Amino acid sequence: MRALTIDRKLARLAAARLAGAVLPGSGAAVGPLTLRDVDVPELPAPDWLRVRPRLAGICGSDLATVDGRSSRWFEPIVSFPFTPGHEVVGDLDDGTRVVVEPVLGCAARGHDPLCAACAAGDLGRCGHLAGGTLAPGLQTGFCCDTGGGWAVAMVAHPSQVHAVPDALSDEDAVLVEPTACALHAALAAEVTGDDTVLVIGAGTLGLLVTAALHRHSRPRRLLVVAKHPEQRALASELGADELLDPDATRRGARRATGSLSIGEGASLRLAGGVDVVLDCVGSAETIADALAVVRPGGRVVLVGMPAPSRLDLTPLWQREVSLIGAYAYGTEHRLPGSPRTFDAAMALVADAGLGRLVSATYPLDRHVAAIEHAAAAGARGAVKVAFDLRHEKERDRL
């Protein structure tokens, strides 16, 4: 079958890093990502299932990997060669349409008993990401044994698959995984109806966080930093009360809160500030902005995968700010009935019509164009870019 794979080839990783630093996404043409014929992944155990992807999204973490920008933190929990793609809607052998919950926790790895996190339903905190019956891999799409969505077929543990209601289109369904991430982050922020909240970034993740906050938290005021016209329009539709330009994040937060400011120019920060910031970008600049505008005793939630950087954390200490990471999903104990994140995300996708955020799809053989499009999505008036496997001829051979 055909699949896009990433091998651990240091020279090509270095080339991707250099190319991606000049033009994000260009690592796809020179780096370790290759379209080739590979064997269909074997089922790791008899109860595992084969999934034939229909659509598979291109995520910011995928782009960082293709451009050689991922943190070295991930090295022990990734196994090569792997097929990327963890935002997946596809079909089981019996025709059931499913989305894949990609975290490879204890159940998938055959650990018994489950670790404390998995037993509580918090799969994103699993302590066994490199053990058990599978090769290392924090998620499907980063593990050589499972395959990933950027291929004609992959495998999944029964605990990872969720049936898709007929009312959801494939475009809706491929947004379920990133929506689950966004919903988990929005709930982790513990926003109240009296809070002023700032969302930094209006790419896929920022827009989905905006939608989740608007539906479940209803802050008193919701500010969103959005750069491009299409992003600004969608942020307003999904619940933003006010839009800020990235170059005016600190000034905009000052106006919104009526806070006094300290310093000038790049060192400007607020004496007070917003109650909660959700950073959906993860750059050194956006994290610095978040720390500059959150009030003393406030919360900063890192939603976008942070890029490796040097960062001055003095304000975290001096202002007693809570810095929270929000990764993946599991069981949402803050919602009535403690639903699985994926179940709550499906409801949010349906209610907010989030499938409209899928802006473009590409076949596998146009992967370079697809990744370049995804890396420049905002500037090109797009949001989510995905691979379309529905017409791959190889599907007929499986």
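**Exercise 1.** Determine how the axes of helix α7 and helix α13 are oriented in this predicted model.

*Solution.* Step 1: the axis of α7 (residues 176–188) comes within 8 Å of the axis of α13. Step 2: the two axes cross at roughly 105 degrees. Step 3: angles of 65 to 115 degrees count as roughly perpendicular. The helices α7 and α13 are therefore roughly perpendicular to each other.

**Exercise 2.** Locate the partners of the salt bridge between Arg215 and Asp351, and classify each as buried, partly exposed or exposed.

*Solution.* Step 1: the side chains of Arg215 and Asp351 form a salt bridge with an N to O distance of 2.7 Å. Step 2: Arg215 lies in helix α8 (residues 204–216) and Asp351 in helix α13 (residues 341–352), so the pair links distant parts of the chain, 136 residues apart. Step 3: Arg215 has a relative accessible area of 39% and is partly exposed. Asp351, at 51%, counts as exposed, because the exposed class begins over 50%.

**Exercise 3.** Carry out the corresponding analysis for the salt bridges Arg52–Asp93 and Asp7–Arg36.

*Solution.* Step 1: Arg52 and Asp93 meet at 2.5 Å, N to O. Arg52 belongs to strand β3 (residues 49–57), whereas Asp93 is in the loop between β4 (88–92) and β5 (97–100), 41 residues apart. Step 2: Arg52 is buried, with a relative accessible area of 15%, while Asp93 is exposed at 52%. Step 3: in the pair of Asp7 and Arg36, the closest N and O atoms are 3.7 Å apart. Step 4: Asp7 counts as buried at 15% relative accessibility, and Arg36 as partly exposed at 32%.

**Exercise 4.** State how many salt bridges are counted and which residues are linked in a network.

*Solution.* Step 1: the count comes to 21 salt bridges. Step 2: the network links Arg54, Asp91, Arg97, Asp170, Glu171, Asp388 and Arg390.

Terms used
Residues are numbered from 1 along each chain as its sequence is written. This is a predicted model: local features need pLDDT of at least 70, side-chain atom pairs count only at pLDDT 80 or more; totals for chains, interfaces and linings use all residues. Side-chain values use heavy atoms; hydrogens and water are left out. A salt bridge is a side-chain nitrogen of Lys or Arg within 4 Å of a carboxyl oxygen of Asp or Glu. Buried means under 20% relative accessible area, exposed over 50%, partly exposed in between (1.4 Å probe, protein chains only). Helices (H or I, at least four residues) and strands (E, at least two) are DSSP runs, numbered from the N terminus. Axes are lines fitted to C-alpha atoms, for helices over the stretch in contact, and angles run from 0 to 180 degrees between N-to-C directions. Angles under 35 degrees count as roughly parallel, over 145 as roughly antiparallel, 65 to 115 as roughly perpendicular and the rest as oblique.
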